[in-house]
Structure formats: structure tokens, C-alpha cells
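The entries follow in the order I made them.

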Amino acid sequence: MPEPLKNLLHEALVGDMADRISGNAPTFDKNRFVTLATEGLTALELMERSALIRDALFATLPGDFREAAAMLKASLPAADRPGLSGWMLLPVNQFIAARGPDHFDLGLDLLKALTPHFTAEYGIRPFIHRDQQRALAIISGWVDDPDQHVRRLASEGTRPRLPWAMRLPQLVQDPAPILPILTALMDDPEEYVRRSVANSLNDVAKDHPDLVAAFIAGHIDGASPERRWLLKHASRTLLKKGHAQALANFGFGVAASLECELRIQNVEVMFGAGLDFEIRVTNAGEITQSLMIDYAIHHMKGDGSLSPKVFKCKTIMLAPGQSHAIERRHAMRPITTRRYYPGEHRITIINGAEIASQSFVLFMPSADPG
């Protein structure tokens, strides 16, 4: 069994935090901090533990944020000594998120200093929520920073729908203010940063598909292999959904004169086994076609309705009259993100639009009466 995430914050780590802060701030009451930060700690989950440690920082750091920020910044790692780093900085993020927006520039500067030692995208979002224009004006200046972690913070921290973090409703509604940041970082030398840009664009595509498809179209001509990868990764949701412009951006299209035969080998599937199927596509047209063939499993929900989930299948090039067969097994086994229900499900084959479909029935194993 993997170690529970909550154990990333533990009593020994709290003690190390106390030593590293007090080593740079002799007035810091490290004994009181440890007492407050460890009381009942082991009974809590990860974010609850972080909140407990944050509250201990509230109680023991100076009430003046400027003094507290100076102590925290001095406690970050330096070439000649260890400092606050790694998971120690999760509750520090929470502390800055709560107190920093009242001291806007100072709070953002502290997060910028923190991010080379631990992610700061969670701490930065209350600043954007408080005053988006002011925050983005500062964050935009980070795109040329020599530290890759700071540059990544400029893209990752401004993602409209960053998982497990505060949503930014203004940017969900209108993402235009972050596009200059993403454009500036599109050809960053670090894949770590480029991947963040792609994820941010993919976030935007969920609410503004046409905007992102047009953005990709405007930046793909003459793209380097690295940029092309970024743009395709940014388009993954659009490509799965068969967005026509997104497909066209990468040379695919909703194929004309395409014939597709779908054959299911086992129309009755026992949960824990797999759905075996074969797809045969034929180009019945007069020109060579580049095809992105995907499939969707329409899972039965508890209310009897069907909910599709798209899976990547294969990219192929077909000359006129040419056929291509694809065999797949789709596992129907327990996963943590889905609850399965017995009954009629459906599989559809997609190339920008549905081109074949067939039903199958999922059975659940009978409970062992013994």
C-alpha cells in the first residue's frame, strides 16, 4: 500500500520547520509553534494538517505581515544552509494566501521567492481573485525570469481551472488576459514550463473551444517540434470531442466518403473482463485522407442514462480505396474514478463525428452467498 498523502506532514517535519524559522528569527517561539502545530495532528487528513500548521504560524509569527514575510523569506534555503522547503511550504502557502493580499506586492514577491522550493500556484490565486488586473500585471513580468519555477508559476498559477485549487471565475468567463502570458512562454526552453502552458490552454478549451482552436491555428505555422507538441497537447480535449477546427489544425478532418465497420466480439461483458472489438475503416473517396480514429464508451449511470468517455485509438493515413483494421480490448475493471452499473452500454467510433456505433451489455458478478 502506498504511504497516505497525509503523512507528508508529520511531527518531525513540524520540528524541522520550527528549527529553520527560529534559526533565522531568534524571537520566533518555536516551542509554542510545535505545540500548536502538532496537537491532534495525527488524526487529520493532509489539508487539515496543513491548516493546523498554518494556524500555528498565525499564532506565532508577528501580526505585522511585513515582519512575518521577512522572517519567512529569510528562512528559505540558501547556498550555505537548509531552509523551509518541500511540504513545509504548503502551510506557508496557506498563510500567505490568507494574509498576503492585504500587502499585495509584498505577498506576491514572497510567493515568487518561495516557488523554487515548492509549488506556489495555490497561494497565488487569492491575489488574482482579489485584483486580477493588478496581479496579472505583476505576474506578466515573470515570463522572462531566469528561474524556470517562477516562469512556470506565471502559467500554472493563472490556469482558470487548476485542479484542487481555487477556481478563477473571471478567467473562466474571459481568459483573454492570460493569453499574452501563455504566448510569451510557448517556446520556453524548459518542457516543465511548456507543459504548464499546454495544460492552461486545455483548461480554457473546456469553456472556449473556438477561442483555443483559433489560437492554435494562429501559432502552428512553422512551429518547432516542441511547440507543435505543446499545441497538440493543449488541443487534447478538443481533439477528443472532434472539434472541426482543432482537427484541421493538425491535418485531420471529418472524413468524407469514409466507411467504417464495427464488430464487437463479445456483446455480453462480465465486469472485470474486457470488451473486444474490431474497427475496419475504408477510404471510399478519391483523395488520401489523414484520420484520427477514437472511440467512446457510453457508460450507464445510476439513473439509467448514458455518459460517454472518449479514448484515443489510432492515427492513420488512408489512400483512396485503402482499408485499415484496428483491434482493441477495452478493460471493464474497477477504477477509483468511476462506478459501474450493469445494463446496456454503448461504444461509438469517432473521427470528428460518430461513424459507427453498437450496444453491449455489462454484467456484474453475483455476490458469493458463502
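Which residues of β4 are buried on one side and which on the other? I looked at the strand face by face. On one side Q289, L291, I293, Y295, I297 and H299 are buried, and on the other S290, M292, D294, A296, H298 and M300 are buried, so both faces are covered. Buried here means under 20% relative accessible area, with exposed over 50% and partly exposed in between (1.4 Å probe, protein chains only).

**Ground rules.** I am working on a predicted model: local features need pLDDT of at least 70, side-chain atom pairs count only at pLDDT 80 or more, and totals for chains, interfaces and linings use all residues. Residues are numbered from 1 along each chain as its sequence is written, and side-chain values use heavy atoms, with hydrogens and water left out.

**Entry: β4 as a whole.** I checked the burial count. In β4, 12 of the 12 residues are buried, so the strand is largely enclosed by the rest of the structure. Strands (E, at least two residues) and helices (H or I, at least four) are DSSP runs, numbered from the N terminus.

**Entry: the sheet.** I traced the strand order next. An open sheet of 5 strands runs β2-β8-β7-β4-β5, with mixed pairing. Its edge strands are β2 (268–270) and β5 (306–318), each pairing on one side only. Neighbouring strands are turned by 25 degrees against each other on average, direction ignored. The axes are lines fitted to C-alpha atoms, for helices over the stretch in contact, and angles run from 0 to 180 degrees between N-to-C directions. Two strands count as paired if DSSP finds at least two bridges between them.

**Entry: neighbours of β4.** β4 and β5 run antiparallel and are joined by 12 bridges. They form a hairpin with 5 residues between them, and G304 in the turn has a positive phi of about 90 degrees. β4 (289–300) also pairs with β7 (343–350), in the antiparallel sense, over 5 bridges. Opposite D294 I found I350 of β7, and opposite I297 I found I347 of β7.

**Entry: M292.** M292 is buried, at 3% relative accessible area. Its bridge partner in β5 is T315. The C-alpha atoms of M292 and K314 are separated by 6.1 Å, and the two residues are 22 apart along the chain.

**Entry: cysteines.** How many disulfides does the structure hold? I found 0. A disulfide needs two cysteine sulfur atoms within 2.5 Å. The cysteine sulfur closest to that of C260 is in C313, 9.7 Å away, which is too far for a bond. C313 counts as buried, at 14% relative accessibility.

**Entry: cavity.** The structure holds 1 cavity of 30 Å³ or more. A cavity is a set of points on a 1 Å grid over the protein atoms alone where a 1.4 Å probe fits but cannot get out; lining residues have an atom within 4 Å of a point. The largest cavity holds about 40 Å³ of space. I listed its lining as I128, H129, Q132, L168, P169 and Q170. Helices α7 (121–130) and α10 (169–173) each supply at least two of the lining residues.

Definitions and conventions:
On a 1 Å grid over the protein atoms alone, a cavity is a set of points where a 1.4 Å probe fits but cannot get out, and a pocket is an open set with protein on both sides within 12 Å along at least five of seven lines; lining residues have an atom within 4 Å of a point. Grid points are joined across faces, edges and corners, and a volume is the space filled by probe spheres set on the points.
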